Amino acid sequence: MRQNIDTNRIVPALIFGAALLALTPEGRAAEPCCGITGIDARTATVTAKETATGRSFTFKVPNAALLKNLKIGQTVYANFATSQVSVDGAVPCCSIAAVSSAAAKPAEPCCTITQIDLRTGLAVAKETATGRTFSFKVTDNNLLRSLKVGQAVYANFGSKQVSVNGVAPCCGIVGGPA
């Protein structure tokens, strides 16, 4: 006995089933695992930290519009098995470039911000131990607006880099300590 198949019901049911499958944990991450700690617009490289382990990693953002919309502190999804990152938990956007082997432990902050020029993007900080001052250039406008006079920062004078979190460099030192 042959039965008639109602394709008007089966096709929508198959589409609905595929959509549900895409939303399962295997298809979509349940929660973001990581937070953005640094953005280097010059190299289109973003640094993020895995919340559970504290290990940090970098990923390349090939889309300039997406890079412009990313913010420090924003959560992202990472699949370390496939080396992919997603900002929405569904569609991979970026490739993981490097993963630290262990959680980075920041040193103590060495310096305090004494001046911020929102117009030029330059900030001045004072090294606590020596009293020397130095300037650093902040290219991320969101980061620049979040900085406060009196805020502690980390400086690596060898690499001429400043970090606000002690893990990922954000800014370049302009000149040397005065």
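C94 is a buried residue, with a relative accessible area of 2%, where buried stands for under 20% relative accessible area, exposed for over 50%, and partly exposed for what lies in between (1.4 Å probe, protein chains only). Its disulfide partner is C93, at an S to S distance of 2.4 Å, a disulfide being a pair of cysteine sulfur atoms within 2.5 Å. C93 counts as partly exposed, at 23% relative accessibility. The torsion about the S-S bond of C93 and C94 is about -100 degrees, so this disulfide is left-handed.

The structure described here is a predicted model, in which local features need pLDDT of at least 70 and side-chain atom pairs count only at pLDDT 80 or more, whereas totals for chains, interfaces and linings use all residues. Residues are numbered from 1 along each chain as its sequence is written, and side-chain values use heavy atoms, with hydrogens and water left out.

The mean pLDDT (the predictor's confidence in each residue, from 0 to 100) is 81 for the protein, and 78% of the residues reach 70 or more. Over residues 10-29 the pLDDT falls below 50, and this stretch has 13 contacts in the model beyond near neighbours in sequence, a contact meaning heavy atoms within 4.5 Å. Among the contacts of the protein with a separation of 6 or more, 45% are between residues 24 or more positions apart. Three helices and twelve strands are found in the protein, both being DSSP runs numbered from the N terminus (H or I and at least four residues for helices, E and at least two for strands). Of the 178 residues, 28% are buried. The accessible surface amounts to about 10900 Å², and carbon and sulfur atoms account for 57% of this area, as computed by the Shrake-Rupley method with a 1.4 Å probe, only the protein chains shown counting as cover for residues.

By the sulfur distance rule the protein has four disulfides. When the bonded cysteines are numbered in sequence order, the pairing reads 1-2, 3-4, 5-6, 7-8. Besides the link of C93 and C94, a disulfide joins C33 to C34, with an S to S distance of 2.3 Å, and another joins C110 to C111, with an S to S distance of 2.4 Å. The link of C33 and C34 is left-handed, with -80 degrees about the S-S bond, and C34 is buried at a relative accessible area of 1%. For C110 and C111 the torsion about the S-S bond is about -85 degrees, so that disulfide is left-handed; C111 counts as buried at 2% relative accessibility.

In soluble globular proteins, nonpolar side chains tend to be buried together. A nonpolar core is taken here as a set of buried Ala, Val, Leu, Ile, Met, Phe, Trp, Tyr and Cys residues joined through side-chain atoms within 4.5 Å. The largest such core has 16 residues, of which V46, F57, F59, V61, L70 and V85 touch the most other members. At least two residues of this core are supplied by each of β1 (34-40), β2 (45-50), β3 (56-60), α2 (64-69) and β6 (94-99), and the largest share, three residues, comes from β1. L70 is in contact with I36, I39, V46, V61 and V87, its neighbours within four places in sequence being left aside. Apart from this core lies another, of 15 residues, which include A123, L143, V153 and C170.

A search of the whole structure for salt bridges finds four, each requiring a side-chain nitrogen of Lys or Arg within 4 Å of a carboxyl oxygen of Asp or Glu. In one of these, the side chains of R42 and D40 meet with an N to O distance of 3.4 Å; R42 counts as exposed at 71% relative accessibility, whereas D40 is partly exposed, with a relative accessible area of 26%. R55 forms a salt bridge with E50, and their closest N and O atoms are 2.6 Å apart. Of this pair, R55 is partly exposed at 24% relative accessibility, while E50 is buried, with a relative accessible area of 11%. A salt bridge also links E127 with R132, the closest N and O atoms lying 2.6 Å apart; E127 counts as buried at 11% relative accessibility, and R132 as partly exposed at 33%.
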